[in-house]
Amino acid sequence: MQALSLLDLAAAAWFLVAWFGFNFVVDVSPLRKKTLSFAMDNYRRGWMSSMCVREVRIMDTAIMSGLQQGTAFFASASLLAIGGGFALLDATERILQVAGDLSIPVADNRALWEIKVLGLMLVFAYGFFKFGWAYRLFNYASIIMGAVPEKGWASDDQIRKMAAQAGELNVLAGRHFNRGQRALFFSIGFLGWFAGPYVFSAATLSVLVVLLRRQFASKARSAVLSGQYPISEAPLKSGEYTATGSSNPFT
């Protein structure tokens, strides 16, 4: 730790406070009810409520498949980033030499450089675990979604209960996915540390401001809230005729 100056330690502490403080505000604090993520949680629950009244659930399985594929992509990207970190550790001397020749402001000693690279790898590792768990939760949600019986195979209360269980797992998976994405976003701020503690602090602040704006004052949040999903218990129907007069849902 002697390689780290007081400014480096202060900048690293500010980074951790900004990162986990943002998670607290968005996921735990009373302000979470005003966030874009909270609004989308209601849509996730509403999606499962609507799913349980549909006889044909191809659209629902397609959406779930897309969520799983996106999560798997970010998990793979996190692993590749960790591998890139090991490559940086192996080429420390060469990188410091090139940076010195080009007058690029990076760590001026090997120990400080390796501490920064290891810290960045820890951020990516955190993101990988979050994405991995989110992928597993999406799997669980899809299994329960597939187990939701159709009308006539179980009571209405049992059908809604199982759909609600799938909805809660979907919400939980989405939260872990969001935390993994925040880790990747804040890793951009962490990169500023390679240029010094002042750039590190400024980059972290920039990322924090962008993420706060997205959650509380973005156009996406306004669009979502303008059509907020009405939480209600829709009646369970079976054999309902379409506008064409046929009971076939594909006509």
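In which sense, left-handed or right-handed, does H2 pass H6? The crossing of H2 past H6 is right-handed, where a crossing is called right-handed if the near helix is turned clockwise from the far one by less than a right angle, and left-handed if anticlockwise. The model examined here is predicted, so local features need pLDDT of at least 70 and side-chain atom pairs count only at pLDDT 80 or more, while totals for chains, interfaces and linings use all residues. Residues are numbered from 1 along each chain as its sequence is written, and side-chain values use heavy atoms, with hydrogens and water left out.

The protein contains 8 helices and 0 strands, and its pattern along the sequence reads α-α-α-α-α-α-α-α. Here helices (H or I, at least four residues) and strands (E, at least two) are DSSP runs, numbered from the N terminus. Of the 251 residues, 36% are buried; buried means under 20% relative accessible area, exposed over 50%, and partly exposed in between, with a 1.4 Å probe and protein chains only. Among contacts (heavy atoms within 4.5 Å) with a separation of 6 or more, 77% join residues 24 or more positions apart.

Two packed helices are described by the angle between their axes and the distance between the axes. Axes are lines fitted to C-alpha atoms, for helices over the stretch in contact, and angles run from 0 to 180 degrees between N-to-C directions. Helix H2 (residues 36-51) packs against H6 at an angle of about 150 degrees, with the axes 8 Å apart. On the H2 side the contact includes Asp41, Arg44 and Trp47, and on the H6 side it includes Ala163, Gly167 and Arg182. By class, this contact has 5 nonpolar, 5 polar and 6 charged residues. In this grouping Ala, Val, Leu, Ile, Met, Phe, Trp, Tyr, Cys and Pro count as nonpolar, Asp, Glu, Lys and Arg as charged, and the others, Gly among them, as polar.

Helix H6 also meets H3: the axes come within 11 Å and cross at roughly 30 degrees. That makes H3 roughly parallel to H6, since angles under 35 degrees count as roughly parallel, over 145 as roughly antiparallel, 65 to 115 as roughly perpendicular and the rest as oblique. The crossing of H3 and H6 is left-handed. Residues making the contact include Met64, Gly70 and Phe74 of H3, and Asn170 and Phe177 of H6. The classes here are 5 nonpolar, 5 polar and no charged.

The largest nonpolar core holds 30 residues, of which Phe15, Phe186 and Phe190 touch the most other members. A nonpolar core is a set of buried Ala, Val, Leu, Ile, Met, Phe, Trp, Tyr and Cys residues joined through side-chain atoms within 4.5 Å. Helices H1, H3, H5, H6 and H7 each supply at least two residues of this core, and the largest share, 9 residues, comes from H5. Beyond its neighbours within four places in sequence, Phe15 is in contact with Val123, Phe186, Phe190, Phe200 and Thr204. A second, separate core of 16 residues includes Trp47 and Ala163.

Two further residues of H6 deserve a look. Gly189 lies in this helix and is buried, with a relative accessible area of 0%. Not counting residues up to four places away in sequence, Gly189 touches Phe200, Ala203, Thr204 and Val207. Arg182, also placed in H6, counts as buried at 4% relative accessibility.
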